[in-house]
Amino acid sequence: MNQRLYRNVGIEIAILAAISLLVFTAEPDAATPPEIAFSHFLTWKEDQQVDEVTIKEGRIHGRLRDGGAFTTYAPVIA
């Protein structure tokens, strides 16, 4: 009987640990950066307000010198 009790308690502790791990390691919903027009991005770039840019599959994610973030799409060139 004690073995069954220990096994059940062990399973419950494992389940709680797994749930806790999922809750605490999941990235909280960060505020989605505003989507801006590509022309606005170019203006910021010309004014040297853009600090960092990542381009992946036509999607542009960036950070401004003041710490703000933005996203935009690169235009398709045919």
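Is Arg65 exposed or buried? Arg65 counts as exposed, because its relative accessibility is 59%, over the 50% cut-off.

One caution before we go on. This is a predicted model. The mean pLDDT of the protein is 85. Of its residues, 92% reach 70 or more. By element, β2 has the highest mean pLDDT, at 94. The lowest belongs to α1, at 80.

Back to Arg65. Its partner in a salt bridge is Asp51. The closest N and O atoms of Arg65 and Asp51 are 3.7 Å apart. This pair links distant parts of the chain. Arg65 is in the loop between β2 and β3, while Asp51 is in strand β1. They are 14 residues apart. Asp51 is partly exposed, with a relative accessible area of 47%.

How many salt bridges does a search of the whole structure find? The search finds 2. Arg59 sits in strand β2, and Glu35 in the loop between α1 and α2. That pair also links distant parts of the chain, 24 residues apart. Glu35 is exposed, at 51% relative accessible area.

Now to helix α2, residues 38–46, and Phe38 within it. What does Phe38 touch, leaving out residues up to four places away in sequence? The answer is Ile60, Thr72, Tyr73, Ala74 and Pro75. Take Pro75. In sequence, Phe38 and Pro75 are 37 residues apart. In space, their C-alpha atoms are 7.6 Å apart. Phe38 is still partly exposed, with 25% relative accessible area.

Next, the surface. Ile11, Ile15, Ile19, Val23 and Phe24 form a nonpolar patch there. Together they have about 540 Å² of accessible area. Look at Ile19, in helix α1, residues 2–25. Ile19 counts as partly exposed, at 47% relative accessibility.

Last stop: backbone angles. Gln48 is not a glycine, yet its phi is positive, about 55 degrees. Gln48 is in the loop between α2 and β1. At 59% relative accessibility, Gln48 counts as exposed. Glu57 also has a positive phi, near 55 degrees, and is a residue other than glycine. Find Glu57 in the loop between β1 and β2. Glu57 counts as exposed, at 80% relative accessibility.

That's the tour. Over to you for questions.

How values were computed. Residues numbered from 1 in each chain as written. Predicted model: local features only at pLDDT ≥ 70, side-chain atom pairs only at ≥ 80, totals over all residues. Heavy atoms only, no water. Helix = DSSP H or I, 4+ residues; strand = E, 2+ residues; numbered from the N terminus. Buried < 20%, exposed > 50% of the residue type's maximum accessible area, 1.4 Å probe, protein only. Contact = heavy atoms within 4.5 Å. Patch = residues over 30% accessible without salt bridge, like charges linked within 9 Å, V, L, I, M, F, W, Y side chains within 5 Å. Areas by Shrake-Rupley, 256 points an atom, 1.4 Å probe, with all protein chains shown as cover. Salt bridge = Lys/Arg side-chain N within 4 Å of Asp/Glu carboxyl O. pLDDT = per-residue confidence, 0-100.
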